[in-house]
Amino acid sequence: MRICLDIEFQDAIVCILGGGKVALRKAKQFIEAGATIYIHSIQYEPEFNTLHINKVDKDTLIHTLAKAKLAIACTNNESVNKEFIQTARKHHVLAMSCNKNQEQDTFSTVTKRDKHLVLSCHTNGSFPEGSSRNPGNFAKQASRPCTMS
């Protein structure tokens, strides 16, 4: 059984394999959380050029796993993703993949937070738009004043 955890990533190292839209979204998410991003890809979405990240060769990325808190596999090749996850696990690093059934340790969630409330949603890829909408909709409902009848 899985348990949702709220993990601090300030000053943590996150290693990302892949340079597409999913990798871009994950890089932004963890940069916002204060992580240092090491990333390797053959090609990168142009927006990566605007981010404060460390583009490295594959050997450097694998070497950096030993110091990482999280490894994210975001290529379009499931066997490459699975190999990256297995390598991360050998270093006792939490790992996630953009593919289902990759023996990953964790899944990323869409999160909305304020000083009183943290809401998180994950649909295991079944309803991505719902994952992004649900926390925001619930947060709006939760922020309304309560009335007693």
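This is a predicted model: local features need pLDDT of at least 70, side-chain atom pairs count only at pLDDT 80 or more; totals for chains, interfaces and linings use all residues.
Which side chains meet in a salt bridge at 2.5 Å, N to O? Residues are numbered from 1 along each chain as its sequence is written, and side-chain values use heavy atoms, with hydrogens and water left out.

**Figure 1. Overview of the protein chain.** The secondary structure comes to four helices and seven strands, defined as DSSP runs numbered from the N terminus (helices: H or I, at least four residues; strands: E, at least two). From the N terminus on, the elements run β-α-β-β-α-β-α-β-β-β-α. Of the 149 residues, 35% are buried; buried means under 20% relative accessible area, exposed over 50%, and partly exposed in between (1.4 Å probe, protein chains only).

Figure 2. Helix α1 comprises 12 residues, 21-32. Its span from first C-alpha to last is 17 Å, close to the 16 Å expected at 1.5 Å a residue; the expected span is 1.5 Å times one less than the number of residues. Ala23, Leu24, Lys26, Ala27 and Phe30 are buried in this helix. Seen down the axis of α1, the buried residues fall within an arc of 165°, so they line one face of the helix; the arc is that of the directions from the helix axis to the C-beta atoms. Their cover includes β1 (13-17), β2 (36-40), β4 (70-73) and β5 (94-97). On the other side of α1, Lys21, Arg25 and Glu32 are exposed. Just after the helix, Gly34 takes a positive phi of about 95°.

**Figure 3. Salt bridge between Glu47 and Lys28.** The side chains that meet at 2.5 Å (N to O) are those of Glu47 and Lys28. This pair links distant parts of the chain, with Glu47 in the loop between β2 and β3 and Lys28 in helix α1, 19 residues apart. A salt bridge is a side-chain nitrogen of Lys or Arg within 4 Å of a carboxyl oxygen of Asp or Glu. Glu47 is partly exposed at 35% relative accessible area, and Lys28 is partly exposed at 33%.

**Figure 4. Salt bridge between Glu45 and Lys21.** A search of the whole structure finds two salt bridges. Glu45 and Lys21 meet through their side chains in a salt bridge of 3.8 Å, N to O. Glu45 lies in the loop between β2 and β3 (54-55) and Lys21 in helix α1, so the pair ties together parts that are 24 residues apart in sequence. Glu45 is partly exposed, with a relative accessible area of 25%, whereas Lys21 is exposed at 61%.

Notes
Contact means heavy atoms within 4.5 Å.
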